[in-house]
Every structure is written in C-alpha cells, then in structure tokens.
Amino acid sequence: MAFIPQKIRILKFIAEQGVATVDDISRSLFKNDKSSTVRVTLHQLGVRHTKYGDVKHGVWYIDKPKLFDLLRTYFPDFPVLDVRPILLHLVPHSLEMNRIRTALEKTSQITVTQWWSENFIRASLPHGENIAHKKIPDAIFWRRRADNTSQKFFLEYERTLKNKDRYEEIFRCYAKREDVKNKNVIYICENDFVKEELEQVEAKLAKAGKLDGAGLFFQFVTLESFYKTYSNNPTHKEEKQ
C-alpha cells in the first residue's frame with residue numbers, strides 16, 4: 001500500500017465520520033496523545049471548526065469541496081461526498097460513534113478489517129437511487145475470523161428512542177436482507193431503558209409472526225457494556241476545557 005501522509009489520514013477520518021473532535025482523531029489514529037499535532041494539521045488543511053459546549057477545541061467538519069478532491073487523489077475509489085452544514089443536535093450521536101469506532105478498531109478482542117461510516121455508505125449508493133425508504137445503518141464493519149475469512153456487521157447506536165412503529169419497520173427491513181444473519185445487527189443502546197424497549201419490540205414482532213424469531217438477527221447491548229467489552233482503555237467521555 002502506498003504511503004499515506006498523516007494529514008490525509010486525519011482528513012479521511014473527518015470525511016468518513018462527518019464531524020470529530022481533536023481528541024477523537026488523536027485517539028483513533030495514534031498510539032500516543034497527538035492532540036497538538038492534530039490541531040495544527042487541521043488548521044493547515046483549512047478544516048472548519050466551531051465551538052461546541054465545553055468540548056476542548058470545538059468540533060471540526062469539512063465545508064470545502066477541494067478537501068474532498070484532495071482526499072480522492074490518495075483514495076480514487078473514495079465516494080463523492082457532499083459538503084453539508086453541521087447539525088448541532090446530531091453532534092452528540094456523531095461524537096459517540098467516533099468513540100465506538102475507535103474502541104472497535106483498537107480493541108484486542110476482534111480485528112476490524114474494514115469500516116464504512118453512514119456518510120460513506122450513503123455516498124456509495126448508485127447515483128440517483130432513492131434512499132428515502134432505505135435504512136442506512138450508522139456503520140457497517142467487517143471483522144476477521146480465525147480462519148481468515150470476514151464477517152459483516154451492521155451497527156446502530158441508539159442514543160434516544162425513536163417511534164416504536166419506526167423500529168418495527170427497521171427490524172423487518174433488516175430481517176429481509178440476505179446478509180443479515182447470526183445476530184450480526186448490533187444495537188448499542190444508551191442505557192438499560194433503551195435496550196429493554198428494543199428487546200420488547202423484537203419480542204412483539206416475533207410473537208406476531210412478523211419476524212422469524214427473537215435472538216436471530218439482533219444483539220442489544222448497553223453503551224456501558226460495550227465499552228467494558230471492547231475498550232482496552234475506556235475513555236469515551238470527551239475532555240473539557
């Protein structure tokens with residue numbers, strides 16, 4: 001594989017994840033704390049940032065098409081992403097997804113061979129395809145099995161509950177997919193309440209014959225349990241100024 005400059009690795013992480021903090025990037029890409037280096041690089045690249053609560057150095061996102069063009073000079077197959085305004089009410093979900101990704105990619109429990117963020121998946125759909133009625137997961141990733149084959153997982157982070165009718169639609173949509181099997185759809189739930197509510201929806205659908213059964217397609221875990229399992233050094237709360 002060709003050498004990828006540090007600045008391009010940083011740019012790629014933000015492009016994939018949509019929004020990130022300096023500490024998110026440092027934790028994901030480096031073994032030691034490189035926050036100062038990351039911040040200087042972001043300024044040099046011209047990545048935009050905005051103050052967000054008490055988060056140190058704010059949150060960063062790409063608002064210049066030329067930065068996506070720069071990224072594709074190193075990754076020609078990288079999908080064409082659109083510049084989008086930052087939606088502050090979605091930032092907490094996005095930042096937690098960054099930490100979830102880092103935990104999975106750095107854990108000693110499994111080996112993640114590929115990660116597709118929601119941004120990546122959405123941009124990879126065929127041009128002109130209507131995605132209004134499709135379920136785009138928060139991420140898809142592949143892990144390496146002991147026999148060197150790959151296993152695909154769909155990942156959803158539920159910070160808050162949606163309408164229960166919406167979950168019925170989503171669960172049934174997943175169950176119809178040929179690549180959904182052996183509990184490879186993982187729901188990481190903010191707390192026990194969210195986890196129990198989703199388990200009840202699954203049980204209700206299975207009882208009504210709208211799913212083949214409970215425990216076939218989905219895993220439901222709390223955020224706390226997830227980090228206990230996969231974080232070698234769990235630090236999922238953002239540093240404040």
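A: The accessible surface of the protein (Shrake-Rupley method, 1.4 Å probe, with only the protein chains shown counting as cover for residues) comes to about 13,400 Å², and 48% of that area belongs to carbon and sulfur atoms. This is a predicted model, in which local features need pLDDT of at least 70 and side-chain atom pairs count only at pLDDT 80 or more, while totals for chains, interfaces and linings use all residues. Residues are numbered from 1 along each chain as its sequence is written, and side-chain values use heavy atoms, with hydrogens and water left out.

Buried residues, meaning those under 20% relative accessible area with a 1.4 Å probe and protein chains only, make up 44% of the 241 residues. The protein holds 9 helices and 7 strands, which are DSSP runs (H or I, at least four residues, for helices; E, at least two, for strands) numbered from the N terminus.

Helix α5 is mostly covered, with 12 of its 16 residues buried. The buried positions are Val-91, then Ser-94, Leu-95, Glu-96, Met-97, Asn-98, Arg-99, Ile-100, Arg-101, Thr-102, Ala-103 and Leu-104. In general, residues three or four places apart point the same way, because an α-helix has 3.6 residues a turn.

Notes
Buried < 20%, exposed > 50% of the residue type's maximum accessible area, 1.4 Å probe, protein only.
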